Amino acid sequence: LRPASFERSPRAADSHQELAMKEAKFHQPESVSAPIDLHESKAWDPLYQGAEEFHVLFELCPIATYVIDADGVIVRFNDLAAKLWGRAPVLGDTNEKFCGSHQMYLLDGTPLRHDECPVAQVVSGATSIVIDAQVMIERPDGSRVTLIVNIRPLRDARGAIVGAINCFYEVSCPISIADFRKRTAESPERR
């Protein structure tokens, strides 16, 4: 996997945390609990195919959410994910991996292959967790939106990564960390 740069959203940044995640080393706060253990939750059979409560939560959750298996194949997504992607990918399609978007980009506009995106890095084990990273996606109609993504691995009883879950939402006014720092330095309260 090629190192990529994903930036944290300014709302999540503070003086005690990194402002940028570079070289595919995403920030992992110490307060984050261990990755989800699928065996203990019994909400996946083998990947969340049981548990009515999970299905209801997944569909009613007010945030776009999707799940991939260990190979990156999309096995589940909710309506909000399809809406943000501008399409509904075919579940289990091995030709579409890691994300349902048409195309992905870094915030600077550099194209980002799906197999190099944050969820691919989590499911491969290259990154343990992603919190509030920003990526831009392009929909089939050519429109682009900036997303905040939060990704955790899904593990079996032995601790092996068997998939990942990505919860994401649109940012109406994307801002890079450099822009955030510049605006903060120029604000009247800082003078």
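Predicted model: local features only at pLDDT ≥ 70, side-chain atom pairs only at ≥ 80, totals over all residues.

F98 counts as buried, at 12% relative accessibility; buried means under 20% relative accessible area, exposed means over 50%, and partly exposed lies in between, with a 1.4 Å probe and protein chains only. The residue lies in the loop between α3 and β6 (103–105), where helices (H or I, at least four residues) and strands (E, at least two) are DSSP runs numbered from the N terminus. The phi angle of F98 is near 75°, a positive value in a residue other than glycine.

Residues are numbered from 1 along each chain as its sequence is written, and side-chain values use heavy atoms, with hydrogens and water left out.

D132, in strand β8 (residues 130–138), also has a positive phi, near 55°. D132 is buried, with a relative accessible area of 7%.

I turn to the aromatic residues. A search of the whole structure finds four aromatic pairs; rings of Phe, Tyr and Trp (its six-membered ring) pair if their centres lie within 6.5 Å, and planes under 30 degrees apart count as stacked, over 60 as edge-to-face and the rest as tilted. One of them joins Y66 and W85, edge-to-face, at 5.1 Å centre to centre and 65° between the planes. Because Y66 lies in strand β4 (residues 64–69) and W85 in helix α3 (residues 79–85), this pair ties together parts that are 19 residues apart in sequence. Y66 and F168 have ring centres 5.8 Å apart and planes at 80°, so this pair is edge-to-face. Here strand β4 holds Y66 and strand β10 (residues 161–171) holds F168, so the parts tied together are 102 residues apart in sequence. Y66 and F168 are each buried, Y66 at a relative accessible area of 1% and F168 at 1%. Y66, F77, W85 and F168 form one aromatic cluster.

The largest share of the lining, three residues, comes from β9.

Finally, the charged contacts. The structure holds five salt bridges, each a side-chain nitrogen of Lys or Arg within 4 Å of a carboxyl oxygen of Asp or Glu. R144 forms one with E138, the closest N and O atoms being 3.1 Å apart. R144 counts as partly exposed at 42% relative accessibility, whereas E138 counts as buried at 14%. The charged end of R144 also sits over the ring of Y105, 3.7 Å from its centre; the criterion is NZ of Lys or CZ of Arg within 6 Å of the ring centre and within 35 degrees of the ring normal.
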